[in-house]
Amino acid sequence: MRELREMKATWIIAVFGILFTLAGPSVLELFTIITLAQVIGLSILALSLALVWGFGGILCFGQTAFFGLGAYAYVIAAINFGGSSWAILVAMLVAAAFAAILGYFVFYGRVSDVYLAVITLTVTLILYSLIRRTSGPEYKIGNALLGGFNGISAPPLNYPWDASAFLFPEQVFYVAMLALIIAYVFCSWLVRTHFGRVCVAIRENEDRAELLAYDTRLYKLGIFTVGAAIAGLGGIFFCIGVSRVTPDVFSLPQSALTIIWVIVGGRGTLIGPILATFALYYLTSALGSQSVLNTNLVLGTILIIFVLGVPKGVVPAISDLMQSRRGRKALRARERRLQRRRPSSTHNATTTEGAE
Amino acid sequence: MDLLVSIIFQIVYVIANLALISLGLAIIFGMMRVINLAHGEFLMLGGYTVVVATNNGVNIWIAILILSPLVVGLIGIIVERLLIRFLYGRMVDTLLATWGLSLLFIGLITSIFGASTATTISPPLGVITIGEYTSSGYELFLIGITILLLIAVFLVLKMTTLGLVARGTMQNAEMASALGVSTSRIYMLTFGLGAAVSGLAGGLLAPITGVLPTIGTVYIAKAFITVISGGMAILAGTTSASILLGAVNGVVSFVTGPTLGEVALLLAAIILLRLMPRGITGSIFRKSL
Amino acid sequence: MKRKAHTVLETRGLSMHFGGVHAVDRVDFTLRENELRCLIGPNGAGKSTFFKCLTGQLNPTAGDVVIRDVHVAGREPHEVASLGVGIKTQVPNVFDGLTVEENIWTAARRWHNAKRAQTLTSDAIERLKLGDIRSTLVGNLAHGQRQWVELGMVIAAEPWLVLLDEPTAGMTHEETARTADLIREINHSATIIVVEHDMQFVRSISQHVTLFHEGAIMMEGTMEEISSDPRAREVYLGSKA
């Protein structure tokens with residue numbers, strides 16, 4: 001478990017997360033706590049794209065497809081099972097299975113990254129129009145009516161295997177935060193494993209990875225599927241937070257937002273997109289409550305500005321800045337050492353260290 | 001018999017519709033390797049041009065056939081100058097920037113015209129009857145104009161100096177600029193041409209679909225799938241993919257309704273791409289335009 | 001028949017056509033165990049295309065490639081490499097966003113557990129004298145150093161068959177000499193094919209040389225035999241001579 005020891009920054013961030021979780025309900029208003037569940041769901045979605053795109057190099061424009069499928073699968077399963085415990089598992093499995101099938105076609109067809117972006121986006125949009133048309137009583141899975149563009153109301157979370165004991169909003173908040181922290185630590189661990197490192201290598205140079213005898217299609221399919229399961233997990237908390245799932249989870253603005261979180265937070269970092277989700281969520285809700293500036297207008301502008309001006313995203317830009325400072329300091333220290341004619345020590349800096 | 005003619009007419013209409021909404025995207029993609037995610041918004045702007053013009057007393061034919069390509073073509077040129085030209089060779093960034101542009105246009109039009117449908121215009125031309133079935137004359141007109149548009153683009157690419165130089169520039173930009181061709185100008189005009197064709201398509205469709213700031217979303221999924229399935233060759237790709245996917249969509253829609261028609265279109269495209277990752281014209285008809 | 005038993009790589013009627021161009025045309029080639037073979041020939045002779053057919057980067061139009069009794073023509077590069085083949089391509093083909101150490105580790109870890117991979121990585125870094133830059137991003141290195149990193153990736157995987165396409169391209173005189181030493185060293189434990197332009201370099205490492213011309217093998221022999229052959233000189237100097 002060498003990987004776990006390398007994750008110092010990850011553990012520090014996780015501790016901050018736990019402190020926030022414990023302090024939240026006593027500091028924040030109940031209404032905020034209730035909304036936070038959906039923001040946490042969205043930030044898990046951002047985390048999943050940070051993994052798939054930022055580390056796997058897979059330009060998935062339709063990460064919300066898995067998010068939405070997770071949400072729908074959770075709601076449908078929870079209604080049919082009469083409880084939420086197994087439904088959570090079903091939701092993640094449905095999202096992962098869908099990604100595995102889609103991924104088989106695109107990765108084994110060796111579709112290029114731009115095509116992949118467009119295909120995943122198209123799949124999402126077609127899901128959107130498909131689900132919107134399911135408003136009749138004939139569209140139902142088990143006991144769950146799909147409800148067309150009105151969606152389905154989401155059953156609340158309950159205590160494990162006791163469907164009659166619903167969780168209170170604070171408890172939902174605890175569970176959601178716990179899921180986020182676990183997913184975050186898991187992703188951070190994953191990118192340090194052999195599997196994760198090969199995925200990063202494939203992102204850097206797929207041909208080279210092939211020539212080193214790695215079946216790159218399989219690795220891409222793997223990280224894509226894991227990412228989808230995490231996105232599905234995000235979908236669960238999102239629909240519990242809004243207490244409803246509607247086709248809007250598959251909509252174009254939702255896909256665009258997910259991309260914007262990762263662009264703004266930065267590719268190659270896991271915490272960046274999570275923080276960007278929280279920040280932009282509050283920005284867009286503030287924009288939604290006024291009528292001067294249209295939300296789409298602002299988001300479009302942010303996206304263009306970041307692509308042109310800060311292509312790496314906020315968190316990598318800041319850490320680059322800090323690194324170049326540290327680098328200069330290290331260089332000076334090294335020069336001093338050399339003057340004293342001591343052998344230079346080797347240190348094990350790794351680029352995945354950025355993945356807190 | 002009448003039923004058969006009516007069904008065939010519907011399927012041909014679906015095919016023509018696919019070709020119409022995809023052609024502008026295909027021009028920009030085939031010539032510049034840029035996938036324009038704001039394509040749907042170019043169509044939307046074409047629709048708004050028609051609505052605004054007819055509301056101000058402009059003849060509907062002039063609004064559709066002249067103003068919508070002109071206005072959107074100009075917008076395309078401006079977009080190319082202000083944004084796209086900084087991103088050549090960076091395909092992923094171009095995708096992202098055009099997505100930003102798409103949001104920006106939606107936001108802008110919503111701010112100006114509001115989020116709901118602007119005044120609708122009823123389709124010109126009446127109803128035609130095939131035996132006991134009726135079809136809209138405007139749909140027949142759209143099929144005709146799509147064919148004309150494909151021929152026109154073919155002639156521009158094949159016959160005019162602009163087309164020749166543009167094809168040369170796209171194949172080898174360095175060589176072309178060594179020969180004294182202004183590559184920058186060619187890219188600008190190509191993007192403008194693609195935008196104009198998209199604008200015309202949006203204008204043509206406005207009487208049928210109405211206009212909304214978010215109407216682009218309705219088209220883009222189909223347009224992307226058609227262009228990617230078609231591959232790099234603009235005309236051969238768009239035409240062959242439209243025929244194949246349009247037929248699948250048309251037949252399945254006829255049997256089961258429009259919902260599954262779209263799903264069938266998508267499935268057909270994904271299976272096609274598994275077999276031909278570079279699209280139809282990446283595997284066959286390679287030397288075509 | 002004894003000779004046949006030692007054949008580790010063989011092509012039969014290998015052809016690669018691009019449209020009407022016959023880049024490689026019905027090539028029969030045999031490589032025996034522990035050989036160090038250089039493929040030479042003027043630009044456009046087809047040696048690099050031939051190389052790419054061996055590595056799986058190109059799917060040959062016709063013919064077969066057999067590596068240790070496995071038919072690999074048309075297989076994916078990772079399947080060829082999975083036979084224990086180390087490959088270095090013509091342009092430096094490395095992971096720019098990773099450090100030198102991570103590049104080499106990724107190669108070693110494919111075959112060995114984490115601990116052994118770390119040992120092999122350190123060994124390769126030491127052998128190639130990359131210690132000072134082990135934590136530098138490969139994208140920030142000079143061309144010659146990137147070539148070394150790629151060689152490090154090849155040796156860290158401990159292949160039994162090594163395919164190198166122009167390993168000295170862009171190297172200084174001194175670096176080329178070091179590469180020659182390294183290749184001779186690798187040859188103690190592995191069979192090697194080197195595609196090369198630099199005749200001086202070829203002379204310094206290889207006993208047996210294959211000369212390509214117009215997509216086919218023109219002749220095989222020692223460097224002396226080839227350089228004294230008038231037809232071979234003509235190929236290199238041009239037919240006007």
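**View 1. Where chain C meets chain A.** In this predicted model, the contact between these two chains draws 27 residues from chain C and 21 residues from chain A. Look for two helices on the chain C side: α3 (77–81) and α4 (100–109) of chain C are the elements that give two or more residues to the side touching chain A. Of these, α4(C) provides the largest share, four residues. Sorted by class, the side of chain C that touches chain A holds eleven nonpolar, ten polar and six charged residues.

**View 2. Where chain A meets chain B.** Here 35 residues of chain A are in contact with 33 residues of chain B. Four helices of chain A, namely α5 (85–108), α6 (113–132), α11 (252–265) and α13 (295–309), each bring at least two residues to the side that touches chain B. Which helix gives the most to this side of chain A? That is α6(A), with twelve residues. The side of chain A that touches chain B counts 24 nonpolar, eight polar and three charged residues. Two pairs of chains are in contact, and chains A and B share the most contacts. Chain B and chain C, by comparison, do not touch, and their nearest C-alpha atoms are 11 Å apart.

**View 3. Two helices crossing in chain A.** Now follow α6(A) to another partner, helix α4 (residues 63–81) of chain A. The axes of α4(A) and α6(A) come within 7 Å and cross at roughly 35°. On the α4(A) side, the contact is made by Thr64(A), Ala65(A) and Gly68(A), and on the α6(A) side by Thr120(A), Val123(A), Thr124(A) and Leu127(A). By class, this contact has three nonpolar, four polar and no charged residues. If you wonder how such a pair is put into words, two packed helices are described by the angle between their axes and the distance between the axes.

View 4. The largest nonpolar core has 278 residues. Leu47(A), Tyr74(A), Val75(A) and Ala95(A) are the residues with the most contacts inside this core. Helix α10 (residues 216–242) of chain A gives the most to the core, with 16 residues. Pick out Tyr74(A) and see what lies around it. Leaving aside residues up to four places away in sequence, Tyr74(A) touches Ala87(A), Ile88(A), Ala91(A), Gly235(A), Ile236(A) and Cys239(A).

**View 5. The four-stranded sheet of chain C.** Trace the strands in the order β2-β1-β4-β5 of chain C, and you will find an open sheet with antiparallel pairing. The edges are β2 and β5 (70–71) of chain C, each of which pairs on one side only. Helix α2 (residues 47–55) of chain C packs on this sheet, touching β1, β2 and β4 of chain C, and its direction makes about 60° with that of β2(C).

**View 6. Strand partners inside that sheet.** How many bridges join strand β1 (residues 7–18) of chain C to strand β2 (residues 21–32) of chain C? There are eight, and the two strands run antiparallel. Across this pair, Leu14(C) stands opposite Val27(C) in β2(C). The hairpin of β1(C) and β2(C) has two residues between the strands, and within this hairpin Gly19(C) takes a positive phi near 60°. Five bridges also join β1(C) to the antiparallel strand β4 (residues 62–67) of chain C. Leu9(C) has Ile67(C) in β4(C) as its bridge partner, and Thr11(C) has Val65(C) in β4(C). As background, strands of a sheet pair through backbone hydrogen bonds, either parallel or antiparallel.

**View 7. The six-stranded sheet of chain C.** Six strands of chain C, in the order β6-β7-β8-β3-β9-β10, form an open sheet with mixed pairing. At its edges are β6 (85–88) and β10 (216–221) of chain C, each pairing on one side only. From one strand to the next, the twist averages 15°.

Terms used. Residues numbered from 1 in each chain as written. Chains lettered and ligands numbered in written order. Predicted model: local features only at pLDDT ≥ 70, side-chain atom pairs only at ≥ 80, totals over all residues. Contact = placed C-beta atoms within 7 Å. Nonpolar A, V, L, I, M, F, W, Y, C, P; charged D, E, K, R; others polar. Core = buried A, V, L, I, M, F, W, Y, C linked by C-beta atoms within 7 Å. Buried ≥ 20, exposed ≤ 12 C-beta atoms within 10 Å, placed from the backbone. Pairing = 2+ DSSP bridges. Axes fitted to C-alpha atoms, helices over the stretch in contact; angles between N-to-C directions.
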